[in-house]
Amino acid sequence: MNQFTASDVVDAYARIASLVYQTPLEESVYLGDDNRKYYFKLECQQKKVKAFKLRGALNKMATLTEEEKRKGVATISSGNHGAAVSYGASLMNIEKAVIVVPENCPQSKVDKIKKYGGQVVKLGQNYDEAHHLGLQYIKDQEMTYVDSYDKDPLVYAGQGTTGLEILKQNPKIDTIVAPVGGGSLITGTAVIAKSINPDIRIIGVQTEACPAMIRSIEDHSCYGEYPILKESICDCLVGGVGELAYAMLPQYLSGMISVSEESIRRAAKHMMTKEKIIVEGGSATVAAAVMEHSEEVGGKNVALIMSGGNIDEDLMISLLCEA
């Protein structure tokens, strides 16, 4: 399995910088105090797709041959990556983009995929089922698979440009906290951040409903599929971990934290009502971590990656109405 280095992240940024939005690194109004400051890296405001996934998708597609572009691209996604591939394909003048999603994919994400010209194919009852069925479908169609998180170093390097931007925007950042699903975002970010500042701390956060990376590291076994233990609002984080993330991430980690679904809901409401930032459940995990486990997170200048903002409308209304 090919891995990647900090120089690959730098190369990725050279390819995609003109196509992505350098999202703000904005200090929290309500979190933190005189001794500790938190900064939101607002990938939830990323151009069009409102998620960091555009970075990895663009870096992959920027390397395709004309023949590969002609045959088209495809991916399997719970939403954000699908929207990123759909929109990225339009930027790259790739006419055919097929997005395989699970049956439970939020309608808001399906609508966004279609808006940018992607063809949606629903397979499986959850992400793991969709992934299994989708890989065979893409192979049969002879299209290029744009990996969401598993083992494509080009995708990981693209996601890592998030971390590169963070340290360009504020070199004083000493801790980066990222949500962890498949693991491409935190792994790419960790590789570049540690190369710039070897002392920087990298903290990953998962929902208790699906702590796949935490268990993979504890058990020394890569769980490519993992059961959802309870109902979760973190649809983008549930499921298994990527092979490349499992192989590379542990050497960079300072810690992993799991947060309850109840705390995630409170944090999402806090972000919307207090910080005035719309985030999805996956992003709210990092806010939940610092709201309930601030000492475990640690750091003095802490960047919190708000990975996506595509929250389902009905869920948003529900959260806002909760006590």
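Modeller: The model is predicted. Strands of a sheet pair through backbone hydrogen bonds, either parallel or antiparallel. Here, β7 and β8 are joined by five bridges and pair in the parallel sense. Within this pairing, A178 has G204 of β8 as its bridge partner.

Biologist: Which helix makes a β-α-β unit with β7 and β8, and what is the handedness of that unit?

Modeller: Helix α8, residues 184-196, forms the unit with these two strands, and the unit is right-handed.

Biologist: How many of the residues of β8 are buried?

Modeller: Six of the seven residues in β8 are buried, and the strand is thus mostly covered.

Biologist: In what order do the strands of the sheet lie?

Modeller: The order is β1-β2-β10-β7-β8-β9; these six strands form an open sheet with mixed pairing. At the edges are β1 (25-27) and β9 (255-259), each of which pairs on one side only. From one strand to the next, the twist averages 25 degrees.

Biologist: Which strands does helix α7 touch as it packs on the sheet?

Modeller: Helix α7, residues 153-169, touches β1, β2, β7 and β10, and its direction makes about 135 degrees with that of β2. Helix α11, residues 261-273, lies across β2, β8 and β9, and runs at about 90 degrees to β9.

Biologist: How many aromatic pairs does the structure hold?

Modeller: There are three aromatic pairs. One of them is formed by F4 and Y156, with 5.8 Å centre to centre and 50 degrees between the planes, a tilted arrangement. F4 lies in the segment before α1 and Y156 in helix α7, so this pair ties together parts 152 residues apart in sequence. Both F4 and Y156 are buried.

Modeller: Y87 and Y116 also form a tilted pair, at 5.0 Å centre to centre and 55 degrees between the planes. Because Y87 lies in helix α4 and Y116 in the loop between α5 and β5, the pair links parts 29 residues apart in sequence.

Biologist: Why does Y87 count as buried?

Modeller: Its relative accessibility is 8%, and buried means under 20% relative accessible area. Y116 is likewise buried, with a relative accessible area of 16%.

Methods. Residues are numbered from 1 along each chain as its sequence is written. This is a predicted model: local features need pLDDT of at least 70, side-chain atom pairs count only at pLDDT 80 or more; totals for chains, interfaces and linings use all residues. Side-chain values use heavy atoms; hydrogens and water are left out. Two strands pair if DSSP finds at least two bridges between them. Helices (H or I, at least four residues) and strands (E, at least two) are DSSP runs, numbered from the N terminus. Axes are lines fitted to C-alpha atoms, for helices over the stretch in contact, and angles run from 0 to 180 degrees between N-to-C directions. Contact means heavy atoms within 4.5 Å. Rings of Phe, Tyr and Trp (its six-membered ring) pair if their centres lie within 6.5 Å; planes under 30 degrees apart count as stacked, over 60 as edge-to-face and the rest as tilted. Buried means under 20% relative accessible area, exposed over 50%, partly exposed in between (1.4 Å probe, protein chains only). A crossover is right-handed if, with the strands pointing away from the viewer, the path from the first strand over the helix to the second runs clockwise.
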